Amino acid sequence: MVSRERWESNYPRWFDWVLEEAEIYDYGRYPVKGMGVWMPYGFQIRRRVVELIRDALDRRGHEEVLFPLLIPETLLRVEKEHIKGFEDEVYWVTHGGLEPLDIKLALRPTSETSITFMENYWIKSYRQLPKKYYQIVSIFRYETKATRPMIRLREVTTFKEAHTVHDSFEDSERQVLEAIEAYKEIYDSLGIPYLISKRPEWDKFPGALYTIAFDTIMPDGRVLQIGTVHNLGQNFTKVFDFKIQLSDESHDYPWQTSYGISDRIVATLISVHGDDRGTVMIPSIAPIQVVIVPIPAGGDEDRVAVTRHVARVLKVLEEAGLRVRVDDREEVRPGAKFYYWEARGVPVRLEIGPREAREDTVTLVRRDTLEKSIVPVEELPSTIKRVFEEIYENLKERAWNYMRSRIKRTENLGEAKEWVSQRRGVAEVPWCGNDECAARMEDELEAKSLGTPWPREDATGSRCPICGRDAVTWIRYAKTY
Ligand code: ZN
């Protein structure tokens, strides 16, 4: 049996181990750096997460589209701040066959420019608004920092980008709130805890008025950005000279927002619900929800009875609409099978031996708590349904409690520094609102600012630890991915 990795004390290695052990994602062997391969089990997890995202957007009136992968350099350069923010990480296609291209083509790093370009043809009047498009595609970024599987990639394979158009600033602000609500729903249904922050001015999306970000704290105390929402204002519509007719018959540039989620949502799902045995799948997402492990014992008669009982239980579960697998590999011992399915996070394991066959029961083992119980077969569908609910609630609560325990609010910069440098998590300190003080704190804490809590939290009575003036809110710092 291969050794396991410690989830909390050795998280980065644990993550590599679980991706390999559970055959989720093959990383580092494909001969292009920063690009990984989704394996069948991982692809099933990814597919269900993508379905969840689609559903949350579709129900809110978003329409799915598919834009070309290539963006001409001329389009990408239209918005100055935007290209400045992406220039050093764009992959360029420079040749078609042997011929150099007249205009270089970028592998999309994101699609604000190409989508705005086409919206200019499609949208003429306020009557068509609000308009909400999204696509789920690969994006490419030539990352120069050390790459990490699913976390820092050169090909992000699961980039959900939504792009919306509005006839007023107020409506674009309403859209930002809707996007935040949709994201909360998505992360909540995966039991992923999050902190919502307004990013500091210097760390907003290139070309946006402001950025709201969802972050989570990974088991090693480092923060991972898992989703962003940008109010783009009129920056892109102005440079594309994209105007619409308003209700008072005048013409003006419409307002836009965009918001994205990446492969990191899967990395987070696998990581926050982990333990030393592997990952634990949220039942609604689990590719296999129940695994049946026959326990062979006794003579031929017992074995026949076990086989028959396994078939009966399988039928009951399939009729209940569950995703079930019977692990009847003869060459593998039950203990090794337990280990195998625990690493993959299958929420419920059923052990069936001669006694279970005799008594028309199963031994049910929950993956999250490893608790065992004996369940009569006739009660199995309802019991499993209840156990799934309990597993989901337990995982979600455990992950939230864990994240909350890793946030420290303090007015003392020394204390904040200790917290962050020991990789305990996020430190929140009072802030006067001055960007220079925030930047000085980044230096002092040797950490990155995540920005201020969203919605804004009052810090009346506290003082900015840098300048001593009254604080207007709190500001968050952490070591980040
Ligand atoms: Zn200050």
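**Metal site and sheet**

User: Why is the site of the zinc ion called tetrahedral?

Analyst: Four donors count as tetrahedral if all angles lie between 85 and 135 degrees. The 4 donor atoms of the zinc ion make angles of 106 to 115°, so the site is tetrahedral by that definition. For reference, the ideal angle for four tetrahedral donors is 109.5 degrees. The model is predicted: local features need pLDDT of at least 70, side-chain atom pairs count only at pLDDT 80 or more, and totals for chains, interfaces and linings use all residues. Residues are numbered from 1 along each chain as its sequence is written, and side-chain values use heavy atoms, with hydrogens and water left out.

User: What makes Cys-432, Cys-437, Cys-464 and Cys-467 donors of the zinc ion?

Analyst: Donors are N, O and S atoms within 2.8 Å of the metal (3.2 Å for Na, K and Ca); water is not among the atoms, so sites may look incomplete. The SG atoms of these residues lie 2.3 to 2.4 Å from the zinc ion, and therefore qualify. Their spacing along the chain is C-x4-C-x26-C-x2-C.

User: Why is Cys-464 called buried, and why is Cys-467 called partly exposed?

Analyst: Buried means under 20% relative accessible area, exposed over 50%, and partly exposed in between (1.4 Å probe, protein chains only). Cys-464 has 2% and is therefore buried, whereas Cys-467, at 33%, is partly exposed.

User: Why do strands S4 and S5 stand at the edges?

Analyst: The open sheet has the order S4-S6-S5, with antiparallel pairing. S4 (70-72) and S5 (92-96) each have a single partner strand, so one side of each is without a neighbour in the sheet.

Key
Four donors count as tetrahedral if all angles lie between 85 and 135 degrees; four count as square planar and six as octahedral if opposite donors are over 155 degrees apart and all others between 65 and 115; anything else is irregular. Two strands pair if DSSP finds at least two bridges between them. Helices (H or I, at least four residues) and strands (E, at least two) are DSSP runs, numbered from the N terminus.
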